Amino acid sequence: MPHITIYTDGACKGNPGPGGWGAVLRSGEHERHMHGGADLTTNNRMEMSAVIHALRALKQPSTVALYTDSQYVQKGVTEWLEGWKKRQWRTSSREPVKNADLWQELDALLPSHQISWHWVRGHNGHPGNELADALANRGVEELLAKRSA
C-alpha cells in the first residue's frame, strides 16, 4: 500500500460563520494541496471536512499518517466513535452526537485505509500544520470574495 502523510486544518470566522478547510497530502516527492469553504459552519465541521476531503482524494487503499490540530477529530475517531455507533449516534449522556452526518461520512472512509492519528499543537510552527492552516484560511477568503463579488 502507498504511504501518504496528510496534514489537515479548519478555520472559521465566527463560530458559526463562514469557514474553510485545508489539506496537504504528501507521498514521496509528490505533494497535493486542497482547500474549500462553507457559508455557515463551525470550526469543528471544517476540521472534519478537511479530513474527509483528504481521505476521499486517495485513489487506493493507503497507509496514512494523519496530522491534525483538532483534538475533537483525533479523539472522536480514536476514542469516541465506536461508542457513538453502539449507541445509535448518541453520546454517553444519551444526547445526539453533534455533526453526526460528518462523523458517519468519515466513518465510512476509515476501513479503506490504515490510519495513524497524530495530534499537533496548532499555530506552533509545525510546517505541515501551518500550510494546512494557510489553505483553510484561503478557503474562507475565497468564499468571502465570492460573496462580495
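**Entry 1: helix H1**

I began with H1, where 15 residues at 1.5 Å a residue should span 21 Å, and the end C-alpha atoms are 21 Å apart, which agrees. The expected span is 1.5 Å times one less than the number of residues. Helices (H or I, at least four residues) and strands (E, at least two) are DSSP runs, numbered from the N terminus.

I noted the ground rules next: the model is predicted, local features need pLDDT of at least 70, side-chain atom pairs count only at pLDDT 80 or more, and totals for chains, interfaces and linings use all residues. Residues are numbered from 1 along each chain as its sequence is written, and side-chain values use heavy atoms, with hydrogens and water left out.

The buried residues of H1 are Met46, Glu47, Met48, Ser49, Ala50, Val51, Ile52, Ala54, Leu55 and Ala57.

**Entry 2: the sheet**

I followed the strands and found an open sheet of five, in the order E3-E2-E1-E4-E5, with mixed pairing. Two strands pair if DSSP finds at least two bridges between them. E3 (30-41) and E5 (114-119) are the edge strands, each pairing on one side only. On average, neighbouring strands are turned by 20° against each other, direction ignored. The axes are lines fitted to C-alpha atoms, for helices over the stretch in contact, and angles run from 0 to 180 degrees between N-to-C directions.

I checked which helices pack on this sheet. H2 does, touching E4 and E5, and its direction makes about 140° with that of E5. Helix H4 (residues 127-148) also packs on the sheet, touching E1, E2 and E3, and its direction makes about 140° with that of E2. Contact here means heavy atoms within 4.5 Å.

**Entry 3: strand E1**

I turned to E1 (residues 3-12): nine of its 10 residues are buried, so the strand is largely enclosed by the rest of the structure. E1 pairs with E4 (residues 63-68) in the parallel sense over six bridges. Ile4 has Val64 of E4 as its bridge partner, and Thr5 has Ala65 of E4. E1 runs antiparallel to E2 (residues 17-27), and eight bridges join the two. Within E2, Val24 is the bridge partner of Tyr7. The hairpin of E1 and E2 has four residues between the strands, and Gly14 takes a positive phi near 95° there.

**Entry 4: aromatic rings**

I listed ring pairs next. Rings of Phe, Tyr and Trp (its six-membered ring) pair if their centres lie within 6.5 Å; planes under 30 degrees apart count as stacked, over 60 as edge-to-face and the rest as tilted. The count by this rule is four aromatic pairs. Tyr7 and Tyr67 make a stacked pair, 5.0 Å centre to centre with 25° between the planes. This pair links distant parts of the chain, with Tyr7 in E1 and Tyr67 in E4, 60 residues apart. Tyr7 is buried at 10% relative accessible area, and Tyr67 is partly exposed at 21%.

Trp80 and Trp84 make a tilted pair, 5.8 Å centre to centre with 45° between the planes. Both lie in H2, four residues apart, about one turn of the helix. An α-helix has 3.6 residues a turn, so residues three or four places apart point the same way. Trp80 is partly exposed at 33%, whereas Trp84 is buried at 8%. I also noted one aromatic cluster, formed by Tyr72, Trp80, Trp84 and Trp103.

**Entry 5: core and helix H3**

I asked which residues touch the most other members of the largest nonpolar core. They are Ile6, Leu25, Leu55, Trp103 and Leu106, in a core of 31 residues. E1, E2, H1, E4, H2 and H3 each supply at least two residues of this core, and H1 gives the largest share, eight residues. Such a core is a set of buried Ala, Val, Leu, Ile, Met, Phe, Trp, Tyr and Cys residues joined through side-chain atoms within 4.5 Å.

In H3 (residues 100-109), I found Ala100, Leu102, Trp103, Leu106, Asp107 and Leu109 buried. Their cover includes H1 (43-57) and H2 (71-86).

I looked up Gln74, which lies in H2 and is buried at 17% relative accessible area. Leaving aside neighbours within four places in sequence, Gln74 is in contact with Thr68, Trp117 and Trp119.

How values were computed:
Buried < 20%, exposed > 50% of the residue type's maximum accessible area, 1.4 Å probe, protein only.
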